[in-house]
Amino acid sequence: MIKPSADTTVVSRPRRRRPPLAAAVVQSLATAIVLGEYPPGTALPSAEELGEAYEVSRTVIREATTTLAEKGLVATRQGWGTVVLGQDQWSLLDPLVLDALFQREDRLVYLDNLIEIRTTLECAMATRAAGRIDEEQSAALAAKLDELAGLIDDPEAYSRADIEFHEIIHRASQDAFGRAIVSSVQGKAVRSPQYSGDPTREDIELTHEGHARVAAAVLAGDGDAAAETMREHITSSWARRRPADVPDAQQA
């Protein structure tokens with residue numbers, strides 16, 4: 001009798017590759033939908049009209065609308081055609097949807113929400129990291145803090161190293177889902193000038209002090225302090241970057 005293989009490696013299903021033309025149409029239509037050019041409940045132009053507008057075949061348009069449906073942006077309705085769905089149906093963590101959300105006029109609402117998500121997840125990850133960080137990660141965190149100290153006069157370089165500092169803590173936490181969510185959402189947000197802001201040297205110095213407090217708590221293995229210092233760091237840094245003349249999401 002043949003024994004079953006001991007190899008339990010899970011073979012993932014190959015991802016369906018989109019033709020380049022269809023991908024371009026998807027990006028354009030997804031952005032138009034999220035920005036409100038096609039309001040919920042309205043129908044997209046016919047396949048023939050879209051084909052003429054994008055100078056592609058109906059097959060490409062069908063492929064594109066199938067992808068939009070997979071993202072929760074549209075659905076086919078008998079007698080109506082392809083109808084735009086409400087935001088509660090959208091796959092908000094989809095990269096194309098996220099990218100468009102941070103281009104909207106009301107993007108600060110979503111940026112505020114991102115800060116809330118980051119605070120919740122990163123405080124928990126800081127607590128976990130304080131209890132799980134190993135020697136190699138501890139050394140990497142201390143080294144990154146030293147690197148940050150030398151970049152205070154270079155806002156762009158400091159911003160890049162800032163993200164790497166947080167990623168070390170995320171990895172040490174061993175929270176795969178939390179790390180993936182923060183990376184996915186923040187990866188799109190950082191391209192928004194309203195998220196990154198225009199920090200002064202004083203702003204960066206204050207941010208660095210926050211980093212130092214977070215690192216000290218994590219390296220000391222103090223989970224409660226790690227969570228509290230992370231909360232203060234994220235919220236205070238956002239308060240300094242956020243446009244002062246726009247009400248926050250809770251007041252909007």
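The pLDDT is the predictor's confidence in each residue, on a scale from 0 to 100, and it is the value to keep in mind for the first view of this predicted model.

**View 1. Confidence along the predicted chain.** Across the protein the pLDDT averages 89, and 89% of the residues score at least 70. Helix α6, which covers residues 135-149, has the highest confidence, at 98, whereas helix α9, made of residues 193-196, has the lowest, at a mean of 84. Over residues 1-14 the pLDDT stays under 50, and for this stretch the model has zero contacts beyond four places in sequence. Residues 247-252 also have a pLDDT below 50, although that stretch has eight contacts in the model beyond near neighbours in sequence. Where pLDDT is low, the predicted coordinates should not be read in detail.

**View 2. The largest nonpolar core, seen around Leu 68.** This core has 58 residues, and those with the most contacts inside it are Leu 68 and Leu 73. Helix α5, which runs over residues 107-132, gives the most to the core, with nine residues. When neighbours within four places in sequence are left aside, Leu 68 is in contact with Val 26, Leu 29, Ala 30 and Ile 33, and also with Leu 44, Leu 73 and Val 74. In soluble globular proteins, nonpolar side chains tend to be buried together.

**View 3. Asp 162, a charged residue in a helix.** Asp 162 lies in helix α7, which spans residues 155-173. This residue is buried yet has no salt bridge, and the nearest side chain of opposite charge, that of Arg 118, is 5.8 Å away. Not counting residues up to four places away in sequence, Asp 162 touches Leu 148, Thr 207 and His 211.

**View 4. Glu 55, in the loop between α2 and α3.** Helix α2 covers residues 47-54 and helix α3 covers residues 58-70, with Glu 55 placed in the loop between them. Although Glu 55 is not a glycine, its phi is positive, at about 60°. Glu 55 is exposed, with a relative accessible area of 72%.

**View 5. Gln 174, in the loop between α7 and α8.** The phi of Gln 174 is near 60°, which is a positive value in a residue other than glycine. With 52% relative accessibility, Gln 174 counts as exposed.

Definitions and conventions. Residues numbered from 1 in each chain as written. Predicted model: local features only at pLDDT ≥ 70, side-chain atom pairs only at ≥ 80, totals over all residues. Heavy atoms only, no water. Core = buried A, V, L, I, M, F, W, Y, C linked by side-chain atoms within 4.5 Å. Buried < 20%, exposed > 50% of the residue type's maximum accessible area, 1.4 Å probe, protein only. Helix = DSSP H or I, 4+ residues; strand = E, 2+ residues; numbered from the N terminus. Contact = heavy atoms within 4.5 Å. Lys, Arg positive; Asp, Glu negative; His and termini not counted. Salt bridge = Lys/Arg side-chain N within 4 Å of Asp/Glu carboxyl O.
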